[in-house]
Amino acid sequence: MSAKERVAGNVANYVDERTGSAKWLKKNLNKVFPDHWSFMLGEIALYSFVILLLSGTFLTFWFDPSMEHVVYKGSYQPLKDVEMSAAYASALNISFDVRGGLLMRQIHHWAALIFIAAIVVHLLRVFFTGAFRKPREFNWILGVGLLTLAIVEGFLGYSLPDDLLSGTGVRIAHAIIQAIPVVGTYLSFFAFGGAFPSEIFIPRIYVVHILLIPGIMLALITVHLMLVWYQKHTQYPGPGRTEKNVVGYPLMPVYMAKAGGFFFIVFGVTALLGATASINPLWLYGPYTPGQVTAGSQPDWYMGWLDGLVRMAPPWETYAFGYTISWNILIPALIVPGIIFTGMALYPFIESWITGDKREHHILDRPRNVPNRTALGAMSITFIIVSLINGGNDLIATHFDLSINQIMWGTRIGIIVLPPLAFVITKRICLSLQRADRELVLHGRETGRLVMLPHGEFVEVHEELTPEKKWLLTQHEQAAPIELELVDQAGVRNPKTFRAKLQARFSAANAEAVAKPTAQDLKQLENEHH
Amino acid sequence: MSNELAPLSDPGLPAHVHRKADIDPVAEKRAEQQVAVLFAISAFGTLLFIYSYLFIDTESFVFIPVMGNTNAHQLGLGMGLAIALLGIGFGAVHWAKTLMSDTEVIAERHEMRSEDADRDAFVASVKERSEVAGLGRRSLIKRTLGLSVGLVGISPILLLGDLGPLPGKSLEETNWRRGTRLVTDPGDRPIKPADLEVGAVAQVLPELRPGQKRTLNDIAKDAVLLIRLRTEEFQLDAERLSWTYEGIIAFSKICSHMGCAVALYEQTTKHLLCPCHQSTFDVTRAAKVIFGPSARPLPQLAITVDADGNLMAQKPFNEAVGPSYWERS
């Protein structure tokens, strides 16, 4: 035994005698993780969060979350001697007078954009592959919660510098709170410590941004990861992969090296962006004052869809008995997002009710094999994209020389027409892909080689698929729709007829599929050929 | 159900294919060197970072194609950090992919559900413990505990009471009074009608009373936009026309939708546009909403001139300015 090994052994012994960790570590260092590029999306979100904590901590050393009036004396000449809040002045100070401050600010902002983008793409991966099914519904809900918190956290973060652009965003958030019926005015006065903009709002959201929300997120992320660990990761279908096993590489050393390395890559890419791509150049906007605004005011991308919805809302307000209800704000800013996020959180339960499937699933779906879910996802993405386009309608209008009114009307109609259209088209594409899979399994791959038969007929040579490929294309289940039982065997009417009918209808739509080839089909084909 | 027909059979995990570095010592050596080079590049990145921090002047700029004039200090720091991090990252991943074992391992997976015996034992012990606590029997304790826990929750909520003042009537009030002179923003100079040519726009605020200091909260309610048209261009009723002065009309600059500053005036169409959500108001028709999400015209301020010929307010706004709220009538 070398000296090094002896020291390591002593340390391990010391720790184990006090914690009993050897058994746990032995088991978990050998933990198997399946390998797929799409499993890195959640990792990107996690690493961006760490980058945000690191870069954010750096920024707090200089940022002064105060709305006290100061006269700027820093080194950025165009704003010299301009009156502004201490928050904005310190943000300028970080950008111009702290070495590496601008880099860190840009890394922080880029990491936030990447963080939320990674969460969204990770969520789409989980959705389209059905990874949210039993037993992972809790983790799905945690994920939806984390996305919601991340969006709020991002908004609060870019509101902190108190520049003209971010102040305009806060003004809009304030109007949304104020539009809530009955309690809105009171809520806004409590949140802002008085009327807008007040002198206490920035310090308040600062504490929420750097402590409260990150703390909650850290706790939720920990639970999210513990559940992934405990429930073991899902895996894509393939030869040798079943609901009863996990095929992949052990944590030590392969995943430690890959995941650790990947953290540095994500951080490196963020640093590269921070070094070369300017983001939120707040010195160009000037300090916030409610009487001014920048033309082409744009929120960050994850708020853009909300802004687009607000822009396209019809001008509806109700006045009755001396009270006002602003539907033009409530519907796009609170009701529609509320429905979207609630529906998203409940989706695993809705799907399991429709399919009647209460079993555990660890093998992921290929999206084409679940046409309804895939179509629903495409429909949601379409909805968000149309909203997002309208959120940038002013920039689109100036860049492409279009009329803003036409874009607005286009998206107003598009938001109603296009999502259902996307649903139908996606479902058809899924079924066509299923048909293509069936053809491939039964008749093999088209090789493009034409052969002339002795009697003059030309045929294209088809090459049979490997057994592995055939298995991949046919391993999925094709569940039959739930039978409608209006009357049970004893002749008693089902008391839940409406629900049962609804379920049967959804289930029938959900079960629509191109029959996958079976062993019998293949055998029959073989017999015909011989 | 097609499931009942026999599915194709699972051929099982395919045979492991060795990588080049697993079987060829030359390839293995090469992979090892590649990893080492990547780590060395990382070290170079950190040196660049240190050099930039200490020796590149924070005010020095270099011209980089595409990026334009760039601060050399920030760029050196950023590139150094990026190279240092990416070198470690790519090195570690390359190491894992080429040199660490890539033999796939199969682990068992078990259903999440506990064994029936464990579940029964758990239920039994919960029942037993709650009987020990006697919650079922001692309903007096249960009820008073419920009461006190319910009440104690009120205290922290009540403590939040001082977060802000109650709104009262403050949303309806501005600093515009009868006779308040209009002053330029910025500059605080009174305005005469002759200062505004036809087609011109000016932002004004109420003149400060002696000793009064203007806060952002004031501006958020008081900001007013003056626009001068030819009188014959207005399509107003008699009352609203009397609120204008020689073709000068005054509107609250705070959008009646969500409170942004309605800052874009299009001279040819005489439309005011809010850059936030594109609510569009027709100046000739008392800021009637002609497009976009806003449901109300911008409040109009009645103006006239004082004895010295300076523009002043005839009276306060006759409605609350800014976005709607529940109590707004």
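What follows is a conversation about reading a predicted model with chains A and B.

Visitor: Which strands pair between the chains, and in what sense?

Guide: As a general idea, strands of a sheet pair through backbone hydrogen bonds, in a parallel or an antiparallel way. In this model, strand S4 (residues 245-250) of chain A pairs with strand S3 (residues 105-108) of chain B, antiparallel, over 4 bridges. To find the spot on screen, pick Val247(A), whose bridge partner in S3(B) is Ile106(B).

Visitor: What is the strand order of the open sheet that holds S4(A) and S3(B)?

Guide: The order is S1(A)-S4(A)-S3(B), 3 strands with antiparallel pairing. Strand S1 (32-33) of chain A and S3 of chain B each have a single partner strand, so each has one side without a neighbour in the sheet. S1(A) and S4(A) are joined by 2 bridges, and Val32(A) has Pro250(A) as its bridge partner in S4(A). Helix H10(A) comes back here too: H10(A) packs on the sheet, touches S1 and S4 of chain A, and makes an angle of about 70° with the direction of S4(A).

Visitor: Staying in chain A, is helix H4 largely enclosed or open?

Guide: One general point for reading any helix: an α-helix has 3.6 residues a turn, so residues three or four places apart point the same way. In helix H4 (residues 86-96) of chain A, 9 of the 11 residues are buried, so the helix is largely enclosed by the rest of the structure. The buried residues include Tyr88(A), Leu92(A), Asn93(A) and Ile94(A).

Visitor: What do the buried residues of H4(A) pack against?

Guide: They pack against helices H3 (40-60), H5 (101-128) and H9 (201-231), as well as strands S2 (69-71) and S3 (83-85), of chain A.

Visitor: Now chain B. Is chain B spread out or compact?

Guide: First the inventory: chain B has 8 helices and 14 strands. Its radius of gyration is 37 Å, well over the 20 Å that the globule rule gives for 329 residues, so chain B is more spread out than a compact globule. The C-alpha atoms of chain B fill a box of roughly 100 × 80 × 55 Å along the principal axes, and 30% of the 329 residues count as buried.

Visitor: How far apart are the centres of the two domains of chain B?

Guide: Domain 1 (20-98) and domain 2 (172-313) of chain B have C-alpha centres separated by 58 Å. For chain A, the assignment gives domain 1 (34-289) and domain 2 (428-529), with C-alpha centres 44 Å apart.

Visitor: Which strands of chain B form a hairpin with 3 residues between them?

Guide: S1(B) and S2(B) do, and Val66(B) in that hairpin takes a positive phi near 75°. The two strands, S1 (residues 61-64) and S2 (residues 68-71) of chain B, pair antiparallel over 4 bridges, with Phe61(B) partnered by Asn71(B) in S2(B).

Visitor: And Ile64(B): buried or exposed?

Guide: Exposed. Ile64(B) belongs to strand S1 of chain B and has 12 other C-beta atoms within 10 Å; a count of 12 or fewer is what makes a residue exposed.

Methods:
Residues are numbered from 1 along each chain as its sequence is written. Chains are lettered from A and ligands numbered from 1 in the order in which they are written. This is a predicted model: local features need pLDDT of at least 70, side-chain atom pairs count only at pLDDT 80 or more; totals for chains, interfaces and linings use all residues. Two strands pair if DSSP finds at least two bridges between them. The radius of gyration is taken over C-alpha atoms; the globule rule is 2.2 Å times the number of residues to the power 0.38. A residue is buried if 20 or more other C-beta atoms lie within 10 Å of its own, exposed if 12 or fewer, and partly exposed in between; C-beta atoms are placed from the backbone. Domain bounds come from an automatic or database domain assignment. Two residues are in contact if their C-beta atoms, placed from the backbone, lie within 7 Å. Axes are lines fitted to C-alpha atoms, for helices over the stretch in contact, and angles run from 0 to 180 degrees between N-to-C directions.
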